[in-house]
Amino acid sequence: MDEFTPTVGVSSTRPADMPEDHSALPVWNAENWFYEDWPVGQRIRSLRRTIGESDSHLFNTLVVDIHPYVQDQMFAEREGIFGRRLVAGAFVFSAGLGLVATNCVNAFSYGYDKLRFIKPVFIGDTIYTIRTNMEKTPRYKDLGLIRASYQVFKSEGELVLYCEHLQTVKYKNPAGFAGKTEK
């Protein structure tokens, strides 16, 4: 993929349940990358996001996380080892990955490895994420496996979370991988 090839909104998914002139339009914010288009070593950085009180509380409410470290200000200040409330690790994971998530219509999440919560994140902290494409492996007849690392940082470069995301991604040319797949 050369650097001038547009990858966002260049084709349509062509849904049959829309008027034809609507379904033919390119889809905004939906990448059309195939396995061959994901360069190993590519790094991207997200915008930053400050995690507010309402963000944290809404997430905790949705997942029924009532642990005193994330929900009880008095406990966190008086008895907690950090002296203030934490943002739930599951929320840091979700928000951190969401910052670099794509809407690639050809990629599917396969799972996560090596998830580590390295340092605490507190209400009011600002996070950002760096994604690095680590490796690609032909896997199935129509899909390859991509491993990417996600590093979530707070403030000015303090690493707070690390994980590796595995995704299956459709081949642009499946015939080119015949005999090279694991399954």
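Contact here means heavy atoms within 4.5 Å. The structure is a predicted model, in which local features need pLDDT of at least 70, side-chain atom pairs count only at pLDDT 80 or more, and totals for chains, interfaces and linings use all residues. Residues are numbered from 1 along each chain as its sequence is written, and side-chain values use heavy atoms, with hydrogens and water left out.

The protein chain averages a pLDDT (the predictor's confidence in each residue, from 0 to 100) of 91. A score of at least 70 is reached by 93% of the residues. Confidence is lowest in helix 1 (residues 20-23), at a mean of 88. It is highest in strand 2 (residues 49-50), at 98. Helices (H or I, at least four residues) and strands (E, at least two) are DSSP runs, numbered from the N terminus.

The largest nonpolar core holds 23 residues. Such a core is a set of buried Ala, Val, Leu, Ile, Met, Phe, Trp, Tyr and Cys residues joined through side-chain atoms within 4.5 Å. Buried means under 20% relative accessible area (1.4 Å probe, protein chains only). Phe91, Val92, Val121 and Leu161 touch the most other members. Helix 3 (68-71), helix 5 (89-98), strand 5 (143-154) and strand 6 (158-170) each supply at least two residues of this core. Helix 5 gives the largest share, five residues.

Leu161 touches Gly89, Val92, Phe93, Leu115, Arg116, Phe117, Ile118, Tyr150, Gln151 and Val152, not counting residues up to four places away in sequence. A second, separate core has nine residues, including Tyr35, Trp38, Cys104 and Val169.

Key: Buried < 20%, exposed > 50% of the residue type's maximum accessible area, 1.4 Å probe, protein only.
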